[in-house]
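Me: Please take a close look at one part for me: the place where the two chains meet. Keep it brisk.

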6 protein chains.
Amino acid sequence: MLLTPRELNVFIDRALEEDSVGADVTTSSLIPPHLESTASLVPQEPGVLAGLDVAEAAFIRVNPNLVFTKKLLDGDRVEGGEVVATISGSMASILTAERTALNFLQRMSGIATLTDRYVQAVDGTTSSITDTRKTVPGLRLLDKYAVSIGGGRNHRMNLTDGVLIKDNHLAALAGEGVSLAQAIKRARARAPHTVKIEVEVESVEAALAAAAAGADIVMLDNMSPANMRTAVDQIAADCIVEASGGITLDNVADVAESGVDIISIGALTHSVEAMDISLDYETKHA
Amino acid sequence: MLLTPRELNVFIDRALEEDSVGADVTTSSLIPPHLESTASLVPQEPGVLAGLDVAEAAFIRVNPNLVFTKKLLDGDRVEGGEVVATISGSMASILTAERTALNFLQRMSGIATLTDRYVQAVDGTTSSITDTRKTVPGLRLLDKYAVSIGGGRNHRMNLTDGVLIKDNHLAALAGEGVSLAQAIKRARARAPHTVKIEVEVESVEAALAAAAAGADIVMLDNMSPANMRTAVDQIAADCIVEASGGITLDNVADVAESGVDIISIGALTHSVEAMDISLDYETKHA
Amino acid sequence: MLLTPRELNVFIDRALEEDSVGADVTTSSLIPPHLESTASLVPQEPGVLAGLDVAEAAFIRVNPNLVFTKKLLDGDRVEGGEVVATISGSMASILTAERTALNFLQRMSGIATLTDRYVQAVDGTTSSITDTRKTVPGLRLLDKYAVSIGGGRNHRMNLTDGVLIKDNHLAALAGEGVSLAQAIKRARARAPHTVKIEVEVESVEAALAAAAAGADIVMLDNMSPANMRTAVDQIAADCIVEASGGITLDNVADVAESGVDIISIGALTHSVEAMDISLDYETKHA
Amino acid sequence: MLLTPRELNVFIDRALEEDSVGADVTTSSLIPPHLESTASLVPQEPGVLAGLDVAEAAFIRVNPNLVFTKKLLDGDRVEGGEVVATISGSMASILTAERTALNFLQRMSGIATLTDRYVQAVDGTTSSITDTRKTVPGLRLLDKYAVSIGGGRNHRMNLTDGVLIKDNHLAALAGEGVSLAQAIKRARARAPHTVKIEVEVESVEAALAAAAAGADIVMLDNMSPANMRTAVDQIAADCIVEASGGITLDNVADVAESGVDIISIGALTHSVEAMDISLDYETKHA
Amino acid sequence: MLLTPRELNVFIDRALEEDSVGADVTTSSLIPPHLESTASLVPQEPGVLAGLDVAEAAFIRVNPNLVFTKKLLDGDRVEGGEVVATISGSMASILTAERTALNFLQRMSGIATLTDRYVQAVDGTTSSITDTRKTVPGLRLLDKYAVSIGGGRNHRMNLTDGVLIKDNHLAALAGEGVSLAQAIKRARARAPHTVKIEVEVESVEAALAAAAAGADIVMLDNMSPANMRTAVDQIAADCIVEASGGITLDNVADVAESGVDIISIGALTHSVEAMDISLDYETKHA
Amino acid sequence: MLLTPRELNVFIDRALEEDSVGADVTTSSLIPPHLESTASLVPQEPGVLAGLDVAEAAFIRVNPNLVFTKKLLDGDRVEGGEVVATISGSMASILTAERTALNFLQRMSGIATLTDRYVQAVDGTTSSITDTRKTVPGLRLLDKYAVSIGGGRNHRMNLTDGVLIKDNHLAALAGEGVSLAQAIKRARARAPHTVKIEVEVESVEAALAAAAAGADIVMLDNMSPANMRTAVDQIAADCIVEASGGITLDNVADVAESGVDIISIGALTHSVEAMDISLDYETKHA
């Protein structure tokens, strides 16, 4: 993955710390330090793997002498039951790191799997699935990485890399006598010239107005696929069209059929089911 | 809540940082610094609120001059549509903090709501619902707080405050010629005397053996309610009985009817649906 | 400024720490803790002020009871000799914080002043002055804030908020058989749709090719004003044109006359002369 | 250099973080992860190198598998055009780290080069060039290291390692009825006995008084070379004499001719021109 | 030891930082960087070693190329005069790290030695010696590790892993009309079911009441050995009995003879004599 | 005290964190959040108070609404039994913070008390008592502050503020053919001119040699008072004389009688007995 080793370890260390791995009273009471084991990560259900590097880092951070061997890679599809990686070395260390490693891997694979379902649902259309900034606090880089592994694209990483003018901004500006076109002009003059200007709209009329005012991206918020199609027909030549709000696995194909370029879905990261993954041990006795 | 202001701010600062609130190019381009607004937090669906102090801290941390006024409290049940809190002050600051505040509040209220459903489902029984260590990495204290707000109890916070002997430990110890009773004795001699010793079992026989060997808590893992009842009948006088594994809203009442003391559920924190909550602005123009 | 109080304090605390303000052996040996003073910040040369909030934070962070009173604001032009702010309270605390506060204020005012000179030099043209990522390590947000106070615009804050394809990228891609148009298409498909794609070129031909291939921004690197004009004439209707490389106060007006939209200048932040500012004390004796 | 690996990495990590190297949208969109390259650091102008270890650490911190090979060392004089170091390995990693590495190396080499000019200007005299505490906030250790590489000496690292009594201290103490001699005595009794006591003066008379009162070091602030010589003649046998204030490359030789021991110059670190250094890539295609 | 490498380095880095090892003016002025030495850690008095891994980490953190060779292990008894470990490599690095390494090793060995004296004093009884939470702020994990090396057991690591109801809690609850039995019931219902409930008492009557009310552990605070024996006789079958308060090497055997299970002693960590350990150098000259 | 609020809070936060104050299962289970109490800090033995600001900060950091009222100040002598400060407000918060506050206050008062004993023992002589760098890792600033409150002076804070040439340095340099005089000259040329050069010696002859070679301070290590007097007689006019090594309350007066200027004692901070201080609660019930 793209993260530097140090960036990855920041996530790992925080999680290990809140699990008090330095004072694991079960393992330290029971497991002789030099007992060796090989443990296997085995999904218990189908899905798309994500987070193997993170799981590896959790084990290695507890004990640099553990050996993590990947049998599959991030992005690989699993059925359940196959070994995706093994960890060998001090059994005490593996036991201590287990929960932290699984917490990352299960969440990230859950995100990738959910994303994959949406991506499959719009297969054959020209729409791309993207995430949002509705990530779990503190995990944005990992949440967005898992979306990309599931075949999605990333929307803004944060408030810096894109102007997104929402209804609240527009209402406030209107009250100050600033029109949409003036707002866009103002943003274009003040924000870095390297980012685009996106405008959120809730009707076809507003979509046309935003496009006419020069928006680079028009976000159709909570509109019906029919209305989306109308908007797309009229503005897609001039700007990127994004659909957002109220999109589920049931209706995403309809949304995609409307011709929008981008479909952004908060649930990819805010409402995730962890993939069920277990760690099976085989211990070597003298 | 119990967290110190500084502990809370560690969570907030991390989330604000990954959203680059210091370089919000939309707000800084468009919203005059002195434009004032009052915004209302309004759930869009029923559930149990949790995280209002955290949301407040997110706004205050962006701008200490914002005024956050709670209309409801953590633990209050909402129907959707009511104002749970208002935030007044610089509109630019409210807009910048909005996503971070909502990300916390929506997840925590989602956890409390899910926990509440389980708690309601076992109402009238003697079972308590608890969480597990399957929390989102970096958010354990907040995840567990939200469970408690939803009416659940907290299981171990981390690896230090309780001995939990799992099948892997026992298999490894057996290979070393250490019996269950010896393992419990060893743990009792080495772990702090202030924590209890829990043993995970997968059969009635193993449950009886664990109780006979002196376990303080016996965890019945993935057992049928019928078997749980058999185990409870024979060991509940001697130890705490906990059920875990494969428990859903559909079967939790059956599990509780078996008479177990504790039902621990990983999904309370690893598979959460965020509560839908919106922030509505009312802006004051000169 | 836009930074949250905590973000600002991170800069301040780091600087106070490296100055060991908790063990100021001069002040603690000599100055009675309750001796009061009012000190005045006085520039010794003309320029544009920037960093007053940062200087204030340095004093307040050493002693929250100090009172910092601004007489002028960031962005104000000074001649030298005027009082821009006063600090009142414990003289020991003011003395301890002085160097840290001045180090920030002098650098930031130096940046604003230099930026202002460039902005003045292109006054009357359609070109905007921007910074680059050539900031002093660890101070990027403050460096870029100072540029904005001096009348400049900000280029990319970091590697996330804009695609910038340089000669090295293109050479590498060419070696892989990937054309410029393919590279742009690839970036457009993979990078967030909210950021623009900028291509660096060193000749008029390359500029035309980049524009034809769909670049949102074409950066003319180290080209003569004449060649810039030629490029602008042909591509300005289709994309933003940016000039960069080898631009000084001597030639920036010529560059601007070429019609480029953006002139980016690394020296604004990598080669700064601190503004000379002194702190004059008036002490109150019993 | 003297810094521990961890101390060095604190500087690097902070800089990498503010450049968001974990989300480099250009490189991740365009450069295949396994494309290999060798890049060469090449100064574009003459000067003295400083910061090669820091640049190396920036690359290694992004990707520990990169290989950094020094051709020259810190302190070496360059003409411009020579290869000072090469970096080999993943081209994507080199591109991501490039700006951070250069930002350190260019600033530090700029400081060393400027220091070297001052040191050359006083060659043949008995004066040493030193820095001050007017360093860029957050970079003091690196700034001062670069000065030492340029042939300068380091003045106080921070407020702990030396007593420096300035005019403001003396004025305040005078108001309390404390004479200079009493102040020095007080400092000698209270500050650690391992540090010297320096007194800043603005006239020959004050210099004589400070020496007579027992100052270990007398700092002649903004005095003419003639007056400095007068002071030196009378006090140099008893204390170290330091010149400071208003010293430039034009007058530093005159100052040195006055016989002062130390010439301290804030501009060495507060007003630095970055050395122009480029990174040239040679990419290996299959 | 159980700490992860990162946890250990947090302690080390903090100590190295407060010693400013990056600016060791003695070593950097005098010792050529490439001078090699082998230094030996030699206790100057008898005791029990603890902290060798910590000392090693201090040296390695300053210079990863140093080689630390243990001749003895944590828990080994020394007479004084024997070499317990050697450090080989850059003499400058060894000198810079020396004080930090010794500060850890001397304190930890002091704790282990003191603990060992108490453990020896109760040898042949059924009492275990434990520490308390009266550790030096910031060093709890290391302090408690040293106790365990000295043969002691660890009491609560922190406020999470055990309920301890003290006289102040009971007095406050009594004022609210809450009896001891009610308090225990309340704690049992609200605290995690994995931790035990301990009640502090100051009389035999209170001890009986606490046991009758269901306390898992009864702490006899500042009671005479005779009264302890009376309490033990009546409650030891039902709960763990702990003695605390006013216990010294002089009376600990008497306390143990009373039959208590646990004797907790704050002095093990709050009033420690550092073991005298020196570092002897042997330097290799060309 | 001199520390900034933030520096103080770094110490406090670290200690609160290791005590898991955010999850105090006793207090949260038992004490109603709004129960109010006033608690009094009462020493149980005579000594010198130090650390009241630190204790206050511990309470305030847990709950900013607590009110801490000092009845006595740092440096005040107590007999035992008097109230030195009260804390009023939420009883739950006071209970949670108690141990952390006491751990700081008891250690710091222990240091001040021990220092005071040494200072009293040399009363009437010209010797000053100083600490060393043998402080508890992570607490140096607080340890040294407590020494100063006890009437001692501070030796070097860290490796930066003073050159201290020990026998190991000299042996190594001798092997390189560098004499003591050359070593001192080298240090004087390379270390900051603001720090003094101290040389450790173990005989009268070496003391004379060090003074002759120009040492600013000569440290007599483990010498008899008679030899110290001989050395003092011959070198005290030229340099500061410091005694160190093997100095106890029994022999410190003899050492002082020898006429040395400084007596440095590691035990002041490495072998401290905590002062016994209790916290007595008075709770307000409705």
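Reply: Arg140(B) forms a salt bridge with Asp19(A), and their closest N and O atoms are 2.6 Å apart. A salt bridge here is a side-chain nitrogen of Lys or Arg within 4 Å of a carboxyl oxygen of Asp or Glu. The rule finds 4 salt bridges across the interface of chain B and chain A.

This is a predicted model: local features need pLDDT of at least 70, side-chain atom pairs count only at pLDDT 80 or more, and totals for chains, interfaces and linings use all residues. Residues are numbered from 1 along each chain as its sequence is written, chains are lettered from A and ligands numbered from 1 in the order in which they are written, and side-chain values use heavy atoms, leaving out hydrogens and water.

The interface also holds 27 residue pairs in polar contact, both residues at pLDDT 80 or more. Such a contact is a pair of N or O atoms within 3.5 Å; within protein, one must be able to donate a hydrogen and the other to accept it, and residues adjacent in sequence count only if both atoms are side-chain atoms.

Several elements of chain B supply at least two residues each to the side that touches chain A, among them helix H1 (5-18) and strand E12 (277-284). Helices (H or I, at least four residues) and strands (E, at least two) are DSSP runs, numbered from the N terminus. H4(B) gives the most to this side, with 8 residues.

Contact (heavy atoms within 4.5 Å) takes in 63 residues from chain B and 63 residues from chain A.
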